[in-house]
Amino acid sequence: PRVHDFLRKHKEIRIIHLRRENLLKQYVSKMLLGKRRANRRWQPHSTKKLPPVSTRISPSAAIKSMHKIQEQYQKFETLLSRHQKIELVYESMIDGQCLAEPVAQAVCELLDIEFREVCCNFVKVNPNSLRLMVENYEELADALRGRQYERFLD
């Protein structure tokens, strides 16, 4: 609440809103936190490809989480409506190991700094396919069919 109050009072703060379009992958990624990879403690970043890990996902918990995230997005949209801001979408902001050029340009413009290419040597840790990350994928898919969240399945 104190941060929200501060943001309401300080409209001069520039906002970079990083979000995921696929709310289901966001939830699954959260559930994979802490899972061991290649007999090593989980690390949030890697400079080399790692074997995928998987977990069971509760369909009802996933639906509840996606609904909550949508509500949070709407609250932040209202809270930050008078701020200068850009929205970065996780699924489309990266080109290889760099920020896509239009995204990097938008960030530099927002921050009023000279354009620079933004790259790093990190590689994506989780695979793109939910089928590889969710042990009970068919159960989850059955629960989402016909719902607003069905579009997030592979």
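In this predicted model, Arg 145 is partly exposed, with a relative accessible area of 43%. The side chain of Arg 145 has a charged partner, Asp 142, and the salt bridge between them brings the closest N and O atoms to 2.4 Å. A second pair of this kind is formed by Glu 138 and Arg 131, whose side chains meet with an N to O distance of 2.9 Å. Both members of this pair are partly exposed, since a relative accessibility of 41% for Glu 138 and of 47% for Arg 131 lies between the limits of 20% and 50%. In total, the structure holds nine salt bridges.

Another of these contacts joins Glu 87 to Arg 19, and here the closest N and O atoms are 2.9 Å apart. This pair ties together distant parts of the chain: Arg 19 belongs to strand 1 (residues 15-19), Glu 87 belongs to strand 2 (residues 85-89), and 68 residues separate the two. The surroundings of the partners can be described one at a time. Glu 87 is partly exposed, at a relative accessible area of 40%. Arg 19, in turn, has a relative accessibility of 15% and therefore counts as buried, the cut-off for that label being under 20%.

Strand 1 and strand 2 run parallel, and five bridges join them. One example involves Ile 16, whose bridge partner in strand 2 is Ile 86.

Attention then turns to charge on the surface. A patch of positive charge is found there, gathered from Lys 30, Lys 64, Lys 68 and Lys 75. Which helix supplies the largest share of the positive patch? That share, three residues, comes from helix 3, which spans residues 59-79. Lys 68 is one of the patch residues and has its place in helix 3. With a relative accessible area of 51%, Lys 68 is exposed, because the limit for that label is over 50%.

Note on methods. Residues are numbered from 1 along each chain as its sequence is written. This is a predicted model: local features need pLDDT of at least 70, side-chain atom pairs count only at pLDDT 80 or more; totals for chains, interfaces and linings use all residues. Side-chain values use heavy atoms; hydrogens and water are left out. Patches are made of residues with over 30% relative accessible area and no salt bridge: like charges are joined within 9 Å, nonpolar side chains (Val, Leu, Ile, Met, Phe, Trp, Tyr) within 5 Å. Accessible areas come from the Shrake-Rupley method with a 1.4 Å probe; for residues, only the protein chains shown count as cover. A salt bridge is a side-chain nitrogen of Lys or Arg within 4 Å of a carboxyl oxygen of Asp or Glu. Lys and Arg count as positive and Asp and Glu as negative; His and the chain ends are not counted. The place of a charge is taken as NZ of Lys, CZ of Arg, CG of Asp or CD of Glu. Helices (H or I, at least four residues) and strands (E, at least two) are DSSP runs, numbered from the N terminus. Buried means under 20% relative accessible area, exposed over 50%, partly exposed in between (1.4 Å probe, protein chains only). Two strands pair if DSSP finds at least two bridges between them.
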